[in-house]
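Student: I'm new to this one, could you walk me through it before I start clicking around?

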Amino acid sequence: MQKSIPLPALYQSADILTFHSRDPEAVAEQVEPTRIRKGVMIGGVPVLLDIALDSDMAHCTVQADGPLTQDDLRQIDDALLNILALRIDPAPFLAAVAGDPLLGPVVQRQPGLRIVQSATVFEALTWAIIGQQINLTFAIALRRTFILQAGRQHSSGLWCYPEARDVTRLDASDLTTRKFSRSKADTLLRLAQLVDSGALTLDRQHDPAGVAAALLAVKGIGPWTVNYALLRGYGYADCSLHGDVAIRAAFQHLLGEDAKPDMARTEALLARYAPHRTMAAAHLWASLHPRDDEQAA
């Protein structure tokens, strides 16, 4: 199956390529200068999403190792929007902060910045759990192990990020013997069992408050994980990442202060950007890692 998706003006393909190339071993994502190949399980079928980018179009080829239902095809369309960062339109946020003294100058440096998302809500949630309270390098290594343990290999050789049912086949020891903490392993398995049984649905059409309440009821999932999942998985435009250390560090830098604002003050600072706090978070993160051309300016 093939389809072409128009890309908006100011689209920064380099940002999308960078996000999907975090794993140096390229187990489930292979990235080239103008191409992304991503493996993901959809409806129990290993699927390869092959996306070629040009200046104004994404040319997508879907290679499935089995038959797909109409619902599976809808999930694939959803995944393509997520991977290409086309879920959230940044225009309303750009207009809202045009004259903002704090974020206005930051946004002007990267007007094309977008929120790149995980292919599926389940991927975003499990990645958030895996990455809790550890450094990025270790988190990426654990994610790779998780894919190799629970995922399946596409006929192309690329591994596919698992669905909930794949993860339920694991035992906690499958993960703890590979450097997962027991609490992480238990939370991942608990989440997978709830999703697979239907006790927890990951429908992105549900309202954010209901989603947050349902996720917080799962042992091992806290507010930071929920907000990260709302941002990277559900694509909600107004997530408050006031518990994120990098967000607090970005505010410290922009405000020129000696210490990071605490969570309560960070929440208040972010509140001024509602209902666009997701894009605010993206620009705050980006402000900590300026592009080479910005550093030279």
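This is a predicted model: local features need pLDDT of at least 70, side-chain atom pairs count only at pLDDT 80 or more; totals for chains, interfaces and linings use all residues.

Student: Okay, rings then. How many aromatic pairs are there?

Tutor: The count comes to 3 aromatic pairs. In one of them, tryptophan 224 and tyrosine 228 have ring centres 5.3 Å apart and planes at 25 degrees, and because planes under 30 degrees apart count as stacked, this pair is stacked.

Student: Are they buried or exposed?

Tutor: Tryptophan 224 is partly exposed, with a relative accessible area of 29%, whereas tyrosine 228 has a relative accessibility of 8% and therefore counts as buried.

Student: What about tyrosine 234 and tyrosine 236, how are their rings arranged?

Tutor: Their ring centres lie 5.5 Å apart and their planes are at 5 degrees, so tyrosine 234 and tyrosine 236 form a stacked pair. Both tyrosine 234 and tyrosine 236 are buried.

Student: Which charged end sits over the ring of phenylalanine 19?

Tutor: That is the charged end of arginine 22, which lies 4.1 Å from the centre of the phenylalanine 19 ring.

Student: Switching topic, at what angle do helix 12 and helix 14 pack?

Tutor: Helix 12, residues 245-255, and helix 14, residues 277-287, pack at an angle of about 70 degrees, and their axes are 8 Å apart. With that angle, helix 12 is roughly perpendicular to helix 14, because angles from 65 to 115 degrees count that way.

Student: Left-handed or right-handed crossing?

Tutor: The crossing of helix 12 and helix 14 is left-handed.

Student: And which residues meet there?

Tutor: On the helix 12 side they are Ala246, Ile247, Ala250, Phe251 and Leu254, and in helix 14 they meet Ala281, Leu284, Trp285 and Ser287.

Student: What does isoleucine 36 touch?

Tutor: Leaving aside residues up to four places away in sequence, isoleucine 36 touches Ile16, Leu17, His20, Gln30, Leu49, Asp50, Ile51 and Ile83.

How values were computed:
Residues are numbered from 1 along each chain as its sequence is written. Side-chain values use heavy atoms; hydrogens and water are left out. Rings of Phe, Tyr and Trp (its six-membered ring) pair if their centres lie within 6.5 Å; planes under 30 degrees apart count as stacked, over 60 as edge-to-face and the rest as tilted. Buried means under 20% relative accessible area, exposed over 50%, partly exposed in between (1.4 Å probe, protein chains only). A charge sits over a ring if NZ of Lys or CZ of Arg is within 6 Å of the ring centre and within 35 degrees of the ring normal. Axes are lines fitted to C-alpha atoms, for helices over the stretch in contact, and angles run from 0 to 180 degrees between N-to-C directions. Helices (H or I, at least four residues) and strands (E, at least two) are DSSP runs, numbered from the N terminus. Angles under 35 degrees count as roughly parallel, over 145 as roughly antiparallel, 65 to 115 as roughly perpendicular and the rest as oblique. A crossing is left-handed if the near helix is turned anticlockwise from the far one by less than a right angle, and right-handed if clockwise. Contact means heavy atoms within 4.5 Å.
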